[in-house]
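Please have the sequence and the coordinates at hand while reading.

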Number of protein chains: 2
Amino acid sequence: MSEAASQGRGAAARARLLEAALYAFATRGFHGTGTRDIAQGAGMSPAAVYVHHRSKEDLLFALSEAAHQDVQVVVIAADDPGATPAVRLRAVVREYTAWHARRHTHARVAQYEMEALSADHRAEIVRIRRAIDDRVRGIIDAGVADGSFAVDSTRLATVAVLSLGIDVARWYRDDGTWSPDEIGEHYSQLALGLVRCTRDLT
Amino acid sequence: MSEAASQGRGAAARARLLEAALYAFATRGFHGTGTRDIAQGAGMSPAAVYVHHRSKEDLLFALSEAAHQDVQVVVIAADDPGATPAVRLRAVVREYTAWHARRHTHARVAQYEMEALSADHRAEIVRIRRAIDDRVRGIIDAGVADGSFAVDSTRLATVAVLSLGIDVARWYRDDGTWSPDEIGEHYSQLALGLVRCTRDLT
């Protein structure tokens with residue numbers, strides 16, 4: 001087998017293990033999942049897990065990092081810093097919330113298993129979370145500064161807006177009433193209400 | 001030992017097992033917890049668990065039912081159906097949210113382990129959840145009807161208001177910046193913004 005083909009097979013095996021780990025963590029929790037469950041889900045031997053990932057925690061970190069980086073990319077792509085705070089908040093909440101509906105399984109594992117990460121890995125994830133928080137808080141700060149928003153605590157309003165999106169991953173069902181985009185659209189309106197946006201979006 | 005003394009000891013043992021189960025489920029998840037862990041946490045033998053509870057799932061149901069009933073009592077106590085929708089929503093959100101901060105460990109187990117309940121037990125819990133949802137939805141409906149609130153979807157606004165409170169249990173820390181009552185107070189204001197309450201509370 002050529003080196004390129006071998007690398008390709010390695011990448012495919014890693015991806016299959018990640019998918020199996022995601023399903024297992026979502027169903028039985030991190031502590032309720034054995035490497036045996038993950039191997040079985042990926043159709044591999046338990047030993048094969050360690051060829052591709054150092055540990056079960058390493059798999060959790062890879063999943064958590066991918067989820068958080070993905071959210072960060074979605075937020076950056078949705079945000080136009082040249083637009084008004086209302087337009088910015090609406091676009092960011094819409095995409096952030098829709099992501100948590102669309103990717104609810106991945107989001108739940110990333111959000112609910114933070115405590116199972118090693119200290120170093122948790123610090124890495126917290127760094128990404130902080131960047132997302134800072135951007136949303138910057139938008140709300142800008143809205144308060146130009147008089148289009150009115151909140152008692154910018155920090156708590158930021159927590160609430162992000163929290164609304166995150167909790168969609170708990171209650172969203174693929175066969176439910178609303179699509180991810182519909183929830184994103186509704187929630188972006190609710191978020192403007194939450195910050196008492198008084199200025200027209202146009 | 002008299003019958004009364006024996007019953008008292010039985011109740012004390014059940015309470016110790018529930019507390020140990022709550023701690024174990026919160027730390028390692030339902031599927032990551034063995035009856036051995038629960039027995040050890042309660043300072044009892046694994047066999048003793050089955051003297052007092054039929055199964056691990058039975059312990060989870062007891063914890064979940066207690067949490068949900070407690071929330072229902074808090075909501076009913078906070079709500080004065082004779083008051084205006086704004087006053088009602090503010091009081092209910094304040095107490096509902098403060099409860100989820102104060103009892104965050106219990107709330108997390110009750111919210112995140114719903115899937116681990118038996119079908120019958122889950123139906124019982126869903127019945128209580130529906131009663132809480134219906135009451136909050138009734139308040140928002142009343143506000144829309146009398147023109148003090150303006151939302152596109154009463155149902156989704158209800159989901160959002162309750163979701164905000166539930167997600168506090170995920171991020172709340174006992175050593176954090178805000179007390180449960182402060183979070184309840186802030187969130188009750190944010191909820192009035194979210195439903196675009198236009199009428200004064202007085």
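What covers the buried residues of α4(B)? In this predicted model, the cover includes α1 (3-28), α2 (35-42), α5 (85-102), α6 (104-112) and α7 (119-145) of chain B.

**The helix α4 of chain B**

- Helix α4(B) runs over residues 56-78, and its 23 residues reach 33 Å from the first C-alpha to the last, which is close to the 33 Å expected at 1.5 Å a residue.
- The buried residues of α4(B) include B:Leu59, B:Leu60, B:Phe61 and B:Leu63, and among them are also B:Lys56, B:Ser64 and B:His68.
- Further along the helix, B:Val71, B:Val75 and B:Ala78 are among the buried residues as well.

**The contact between the chains**

- In chain A, 26 residues are in contact with 26 residues of chain B.
- On the side of chain A that touches chain B, the elements that give two or more residues are α6 (104-112), α8 (154-171) and α9 (180-194) of chain A, and the largest share, 10 residues, comes from α8(A).
- The residues of this side of chain A divide into 12 nonpolar, 9 polar and 5 charged.

**The relation of the two copies**

- Chain A is superposed on chain B by a rotation of 180° with 0.0 Å of shift along its axis, at an RMSD of 0.0 Å, and the two copies are therefore related as by a two-fold rotation axis.
- The C-alpha of A:Gly32 is the one in chain A nearest the axis, at 1.8 Å from it.
- The same surface serves both copies, since 100% of the contact residues of chain A recur in chain B.

Conventions
Residues are numbered from 1 along each chain as its sequence is written. Chains are lettered from A and ligands numbered from 1 in the order in which they are written. This is a predicted model: local features need pLDDT of at least 70, side-chain atom pairs count only at pLDDT 80 or more; totals for chains, interfaces and linings use all residues. Helices (H or I, at least four residues) and strands (E, at least two) are DSSP runs, numbered from the N terminus. The expected span of a helix is 1.5 Å times one less than its number of residues. A residue is buried if 20 or more other C-beta atoms lie within 10 Å of its own, exposed if 12 or fewer, and partly exposed in between; C-beta atoms are placed from the backbone. Two residues are in contact if their C-beta atoms, placed from the backbone, lie within 7 Å. Ala, Val, Leu, Ile, Met, Phe, Trp, Tyr, Cys and Pro count as nonpolar, Asp, Glu, Lys and Arg as charged, and the others, Gly among them, as polar. Copies are superposed by least squares on the C-alpha atoms of residues with pLDDT of at least 70 in both.
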